[in-house]
Amino acid sequence: MAIGVQTDMATPALARFGSHELKEQFLQPSISGDMVACLGVSETGAGSDVASIQTTAKSDGDDLIINGGKMWTTNGMQADWMCCLAITEDGPSHSNKSLICVPMDTPGVVRSKKIEKIGMNCSDTAQIFFEDVRVPKSFVIGEMGKGFTYQMLQFQEERLFGAAGTVKPLEIAIGATIEYTRERKIFGKSILDNQVVHFRLAELQTEIEALRSLLYRATGLYIKGHDVTNLASMCKLKAGRLGREVCDACLQYWGGMGYTKETIISRYFRDFRLLSIGGGADEVMLSIISKYMGTLPRIHPKK
Ligand SMILES: Cc1cc2nc3c(=O)[nH]c(=O)nc-3n(C[C@H](O)[C@H](O)[C@H](O)COP(=O)(O)OP(=O)(O)OC[C@H]3O[C@@H](n4cnc5c(N)ncnc54)[C@H](O)[C@@H]3O)c2cc1C
């Protein structure tokens, strides 16, 4: 996940909309591995509802002064810079925000705490505060006020990455389960030789293959320049659900060993639980898909 933040979550908007100077300063060293990037969208009071973030970046001459804080920032304890979503102007919530490159060694950036998680322990997750953090306006990615739109586009890569990072590990989970259940004998035969077990694994392998096809289709269209918001949301939804289903089903066949920290399956069980929450929860994906289907009720503004 730490690598995915670098390649597909914190940098796509900069690559697509950033100025040449900004790319030289932040993107090029991120690609070469000399800088670690993080993405600051979520806050304590705004996760699913991205439009309701409260962090502000107020104009002061040629600079912006950032105040507020970010929550759940993957790579946050070690990042060199953050792609930060903040309110830069008055106006409707979808057009009052900008994406800003914030060097994490700027005075006023406080890496408040490393959050303890049940999984994904190979990447750190931080809570960050901004106390009068001064950055030049030239650190804004693309146009001021377009940050929300850029972030929604950037989510396409994040969600495709989420699905792409699922296919192989789930195959590994099934492979490891086949190996374990073939070796382990109970009631005079290997666990795998029970039809309920090998049929279930065959069913799950088929689901993974279906996810792979959806992912390849969405990615192919994305590379051709299409807006794949709908397909990327479907990919992310399916990957999150399937990740949970495969890991839970496989863990069961490992018996007690599956419930220890000594096996790969328990790690996958904990790690994959995140995919239905991070990068937009399953329900957020369902809302997007419903919107494309024309079934999401419209919220009428109060008169
Ligand atoms: C380990 C980890 C790493 C993360 N990394 C980053 C990062 O690097 N950068 C970043 O910006 N964010 C990051 N996040 C934040 C992540 O994107 C949010 O946790 C996620 O968007 C959900 O927001 P929330 O936690 O505030 O949950 P809430 O918004 O409070 O939602 C809680 C639950 O409500 C349900 N829900 C949501 N919408 C609806 C709906 N319309 N209808 C019905 N139910 C609904 C969902 O089940 C959801 O899980 C990370 C989170 C975790 C846990």
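Predicted model: local features only at pLDDT ≥ 70, side-chain atom pairs only at ≥ 80, totals over all residues.

Reply: By residue class, five nonpolar, one polar and two charged residues make up the lining of the largest cavity. The lining residues are Pro12, Ala13, Arg16, Phe17, Tyr150, Leu153, Gln154 and Glu157. Two elements, helix H2 (12–17) and helix H4 (147–183), each give two or more residues to this lining. The volume of the largest cavity is about 30 Å³, and the structure holds one cavity of 30 Å³ or more.

As to location, domain 1 (2–145) and domain 2 (150–293) both contribute lining residues, so the largest cavity lies between them.

The annotated regions come next. An unreviewed UniProt entry carries the annotation "domain: Acyl-CoA oxidase/dehydrogenase middle" for residues 38–133. That span is 0% helix and 51% strand, and its end C-alpha atoms lie 17 Å apart. From UniProt, again in an unreviewed entry, comes the feature "domain: Acyl-CoA dehydrogenase/oxidase C-terminal" at residues 145–292. Residues 145–292 are 75% helix and 3% strand, with 25 Å between the end C-alpha atoms.

The ligand is the remaining topic. It is surrounded by 18 residues, of which Ser42, Ser48, Trp72, Thr74 and Glu283 are the closest. Backbone atoms also face the ligand at polar distances. For Trp72, a polar backbone atom is 2.7 Å from a nitrogen atom of the ligand. A polar backbone atom of Leu39 lies 2.8 Å from a ligand nitrogen atom, and a polar backbone atom of Val41 lies 3.0 Å from a ligand oxygen atom.

To return to the request, the largest cavity lies between domain 1 (2–145) and domain 2 (150–293), and helix H2 (12–17) and helix H4 (147–183) are the elements that supply two or more residues to its lining.

Notes:
Residues numbered from 1 in each chain as written. Heavy atoms only, no water. 1 Å grid on protein atoms, 1.4 Å probe; cavity = no way out; pocket = protein on both sides within 12 Å on 5 of 7 lines; lining within 4 Å. Points joined across faces, edges and corners; volume = space filled by probe spheres on them. Helix = DSSP H or I, 4+ residues; strand = E, 2+ residues; numbered from the N terminus. Nonpolar A, V, L, I, M, F, W, Y, C, P; charged D, E, K, R; others polar. Domains from an automatic or database assignment. UniProt positions renumbered as here; feature names shortened; annotations may be inferred. Near = heavy atom within 4 Å. Polar contact = N/O pair within 3.5 Å; in protein donor to acceptor, adjacent residues only side chain to side chain.
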